[in-house]
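User: Hey, I've got this protein open and there's a ligand in it. Can we walk through what's around it?

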Amino acid sequence: MSEVTMTQEEIDPLAPVLADDQPSESRRADAPKIVAIVPVYNEERFIGSVVLKTKEYASTVLVVDDGSTDGTAAVAKAAGAEVIRHEQNQGKGAALNTGFHRARELAADAIVTLDGDGQHFPEELCLVIQPILDGQADIVVGSRYLENTSDVPQRRVWGHRFFNLITNQLSGVAVTDSQSGFRAFSRRALDALSLSSKGFSVESEMQFLASDCNLRVCEVPITIKYLDKPKRSVISQGLTVLGGILRLVGQHRPLLYFGVPGTILLAIGLIWGAQSISFYNQRQILSAGYVLVSTLLITLGALSFFAGLILHSIRGLLLDLLNRTS
Ligand SMILES: Nc1nc2c(ncn2[C@@H]2O[C@H](COP(=O)(O)OP(=O)(O)OP(=O)(O)O)[C@@H](O)[C@H]2O)c(=O)[nH]1
Ligand SMILES: [Mg+2]
């Protein structure tokens, strides 16, 4: 685990860190290497100013252009970012994975992710990174709900509340803004995080991984501005995130995902079967349909229950192995 050991006295983290392309004599040799990752898709209107502002606080600004069809990559490059381009759109999670991979190559001490649509304030980067530089956390979530300084549209508030509830309950890690894209990560988190989510459920996945890898999570208040109309339907984005969270539950909580439905199916099948038997005892008539359905439910239920049990045990063994080797 390589944690930043610099103390507040050694360096004032609120002072902007100069970017790599600035003259080396003006860059502080002892400054922690902060890599800012900006996943983007068609953000040519905003990405230039996001990069210029972020450069004031990060050593490297890494823009992962996820197959944009507009001038995003060119604008980001002109503004001074290192640009990695996906030829095809793969989703925000895939772009973050690419960014994390590059940050490992760059031997970053701390990593910040922020959106490229200008909704976050790069000026708040110092606030978000501070607990990492202080060695107090591995993941810092910039939360728009800690101090309620953002004017979040009501439909989004309800959506965020719903996703907070399910992500917090299912992952076992509680935050007030589970969908925030403004985050900071320690080197330890960077080494541990391998994201399987391709799209917008990636932020929820970080909570599941934090729980699995015993990463310390904390929150700091941030502000988000809502200037534009939502780029896509809130419902369709919500359904995508929900689908992603269900997949995560299957991966990370197999006993819950397979065991609970399995137990329910098994119970219904058994009740149905018992009723068919008692009906037969009373009237000497066997309903083939009832028997078939109850047999099917019992079989499916038992299969699902044991699949959950087996996957749960395998997961436990793998986590044990992982914790022993890390
Ligand atoms: N890499 C990648 N980034 C994306 C994709 N879609 C959106 N993004 C970026 O992810 C960030 C957040 O996306 P938004 O569409 O603004 O999502 P949001 O902030 O949850 O939703 P809004 O409230 O509508 O702004 C922005 O920087 C986008 O450019 C994608 O398919 N791939
Ligand atoms: Mg946005």
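This is a predicted model: local features need pLDDT of at least 70, side-chain atom pairs count only at pLDDT 80 or more; totals for chains, interfaces and linings use all residues.

User: OK, what does an oxygen atom of ligand 1 come up against in the side chain of E43?

Analyst: An N or O atom of that E43 side chain, 2.7 Å away from the ligand oxygen. There's also a ligand oxygen 2.9 Å from a polar backbone atom of P39. On the nitrogen side, a nitrogen atom of ligand 1 lies 3.4 Å from a polar backbone atom of K92.

User: How much of ligand 1 does the protein bury?

Analyst: 90% of the 630 Å² that ligand 1 exposes when taken alone.

User: Switching topic: where does ligand 1 sit?

Analyst: In the largest pocket. That pocket has a volume of about 1,200 Å³.

User: Which residues lie nearest the centre of the largest pocket?

Analyst: Q119, R156, F200, R232 and Q237, out of 47 residues that line the pocket. Two or more lining residues come from each of β1, α3, α5 (154–171) and α8 (234–252).

User: Which of those gives the most?

Analyst: α8 does, with seven residues in the lining of the largest pocket.

User: Last one: how does that lining divide by residue type?

Analyst: The lining of the largest pocket has 18 nonpolar, 15 polar and 14 charged residues.

Notes
Residues are numbered from 1 along each chain as its sequence is written. Chains are lettered from A and ligands numbered from 1 in the order in which they are written. Side-chain values use heavy atoms; hydrogens and water are left out. A polar contact is a pair of N or O atoms within 3.5 Å; within protein, one must be able to donate a hydrogen and the other to accept it, and residues adjacent in sequence count only if both atoms are side-chain atoms. Accessible areas come from the Shrake-Rupley method with a 1.4 Å probe; for residues, only the protein chains shown count as cover. On a 1 Å grid over the protein atoms alone, a cavity is a set of points where a 1.4 Å probe fits but cannot get out, and a pocket is an open set with protein on both sides within 12 Å along at least five of seven lines; lining residues have an atom within 4 Å of a point. A molecule sits in a cavity or pocket if more than half of its atoms lie within 2 Å of its grid points. Grid points are joined across faces, edges and corners, and a volume is the space filled by probe spheres set on the points. Helices (H or I, at least four residues) and strands (E, at least two) are DSSP runs, numbered from the N terminus. Ala, Val, Leu, Ile, Met, Phe, Trp, Tyr, Cys and Pro count as nonpolar, Asp, Glu, Lys and Arg as charged, and the others, Gly among them, as polar.
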